[in-house]
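Me: I've got a protein model open and I'd like to walk through it. Can you take my questions one by one?

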Amino acid sequence: MKITTADLTQDRQWRAMIGMSEQQFYSLSDAFTKAYFNTYNNTLSQRKVEVNITYCLQNEEDLLLFTLMSLKLGLTYDALGVACGMSASNAVRNQKIGLAVLATALDHLGVMPKRKLLNTDDFKTLFGKHQDLFMDATEQRIQRPQDKEFQKETYSGKKKANTLKAMIITTFLKTIPYISHCCEGKRHDFSLLKNEFESDKYWFNDFNIYLDLAYIGFSDKYQCQNLFIPHKKSKNKPLTENQKEENKQLSSKRVIVEHSFAGLKRFRILSDRLRLHRIDFYDDILGVCAGLWNLYLAN
């Protein structure tokens with residue numbers, strides 16, 4: 001590979017290229033190497049000899065560096081291939097392999113977020129140590145789909161663009177223990193919540209819930225210890241000074257969820273306009289980036 005770890009000589013370069021320090025990279029590399037061997041029952045260098053072809057990635061360390069670069073830099077596959085000394089098609093294939101192995105490694109380290117909770121017991125096990133939960137949805141712009149029906153489904157009235165959307169639940173620690181599978185941007189934030197958590201179950205009874213105005217009506221569907229949601233102003237009913245102050249105080253607490261979103265979007269593949277056309281592959285990227293953010297906070 002054209003770019004190797006030997007080219008990164010400063011901490012600033014490590015963070016700019018892969019979003020973590022040199023120490024964090026090599027710590028993750030050990031888990032990544034084990035996950036690769038468990039997946040393929042062989043090392044990358046041994047498999048390279050078996051297929052008897054010229055391969056630009058020499059070992060698991062190269063594959064991890066390439067995968068992290070592809071997430072952090074958010075380059076097109078053509079540009080990524082040029083930067084790393086491979087064709088665009090090989091860049092696609094190597095990123096797919098690297099993401100699968102990285103997801104396994106992060107899961108083994110216990111930092112991968114849950115994507116679907118089947119019952120309230122799973123929910124309480126995941127968040128049992130925390131009393132305050134923050135929920136919100138994030139959107140990412142995508143290229144305008146050619147398919148007319150898919151255009152309509154992905155068009156977000158809020159962003160005035162075609163987007164994909166996912167919901168996270170975070171805590172005061174700013175980690176992302178739960179992130180939903182992504183959906184089309186047309187779906188409302190509250191609708192996404194109701195789709196993830198059936199209203200006839202007692203998901204949130206033991207927790208204080210912090211929401212924004214997109215979730216008005218939450219108290220009609222769900223029960224919780226305390227619900228914190230901003231006061232909504234209207235044309236004929238402006239907010240009082242007390243309500244404005246309460247909203248300000250609530251925003252200072254709810255900024256936690258914005259910090260978590262910022263942690264995800266440290267990876268430019270999740271902040272620039274998305275060029276991928278496969279939603280399932282984007283979903284995998286979303287989960288891995290959340291796991292990397294959790295790992296970053298853990299260290």
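**Chat about the model**

Reply: Let's start at Leu-109, which lies in the loop between α6 and α7. Keep in mind that this is a predicted model.

Me: Is Leu-109 buried, exposed or partly exposed?
Reply: Leu-109 is partly exposed, since its relative accessible area is 38%. Buried would need under 20%, and exposed over 50%.

Me: What does Leu-109 touch, leaving out residues up to four places away in sequence?
Reply: Leu-109 touches Leu-28, Ala-31 and Leu-295. Take Leu-28: it is 81 residues from Leu-109 along the chain, yet their C-alpha atoms are separated by 8.9 Å.

Me: Which helix holds Leu-28 and Ala-31, and which of its residues are buried?
Reply: That's α2. Its buried residues are Gln-24, Phe-25, Leu-28, Ser-29, Ala-31, Phe-32, Ala-35 and Tyr-36.

Me: Why would residues three or four places apart go together in a helix?
Reply: An α-helix has 3.6 residues a turn, so residues three or four places apart point the same way.

Me: How many residues does α2 have, and what span does it reach?
Reply: α2 has 19 residues. From first C-alpha to last it reaches 26 Å, close to the expected 27 Å.

Me: What follows α2?
Reply: Asn-41 does, and its phi is positive, near 55°.

Me: Now α6. How many residues, and what span?
Reply: Helix α6 runs over residues 88-108, which is 21 residues. It reaches 30 Å, close to the 30 Å expected at 1.5 Å a residue.

Me: Which residues of α6 are buried?
Reply: Among them are Ala-91, Asn-94, Gln-95, Gly-98, Leu-102 and Leu-106. Ile-97, Val-101 and Ala-105 are buried too.

Me: What covers the buried residues of α6?
Reply: The cover includes α2 (22-40), α4 (60-73), α5 (77-84) and α12 (279-298).

Me: And which residue with a positive phi follows α6?
Reply: Gly-110, with phi near 80°.

Me: Which residues have a positive phi without being a glycine?
Reply: Lys-160 is one of them, with a phi of about 55°. Lys-174 is another, at about 75°.

Me: Where are Lys-160 and Lys-174?
Reply: Lys-160 is in the loop between β2 (155-156) and β3 (161-170). Lys-174 is in the loop between β3 and β4.

Me: Are Lys-160 and Lys-174 buried, exposed or partly exposed?
Reply: Lys-160 counts as exposed, because its relative accessibility is 61%. Lys-174 is partly exposed, at 28%.

Me: Let's go inside. Where is Ser-180, and is it buried or exposed?
Reply: Ser-180 sits in the loop between β4 (178-179) and β5 (183-184). It is buried, with a relative accessible area of 0%.

Me: What is Ser-180 in contact with, apart from its neighbours within four places in sequence?
Reply: Its contacts are Arg-115, Ala-166, Met-167, Leu-192, Glu-196, Asp-283 and Leu-286.

Me: What about Phe-123? Where is it, and is it buried or exposed?
Reply: Phe-123 is in helix α7, residues 120-127. At 0% relative accessibility, it counts as buried.

Me: Next, Asn-208. Where is it, and is it buried or exposed?
Reply: Asn-208 is found in strand β6, residues 208-210. It is buried, with a relative accessible area of 8%.

Me: What does Asn-208 touch, not counting residues up to four places away in sequence?
Reply: Gln-131, Asp-132, Leu-133, Gln-225, Asn-226 and Phe-228. By contrast, the C-alpha atoms of Asn-208 and Ala-88 are separated by 48 Å.

Me: Zooming out, how many helices and strands does the protein chain have?
Reply: The chain has 12 helices and seven strands. Its radius of gyration is 21 Å, close to the 19 Å that the globule rule gives for 299 residues, so the chain is as compact as a globular protein of that length.

Me: How much of the chain is buried?
Reply: Buried residues make up 47% of the 299 residues.

Key. Residues numbered from 1 in each chain as written. Predicted model: local features only at pLDDT ≥ 70, side-chain atom pairs only at ≥ 80, totals over all residues. Heavy atoms only, no water. Helix = DSSP H or I, 4+ residues; strand = E, 2+ residues; numbered from the N terminus. Expected span 1.5 Å × (residues − 1). Buried < 20%, exposed > 50% of the residue type's maximum accessible area, 1.4 Å probe, protein only. Contact = heavy atoms within 4.5 Å. Rg over C-alpha atoms; globule rule 2.2 N^0.38 Å.
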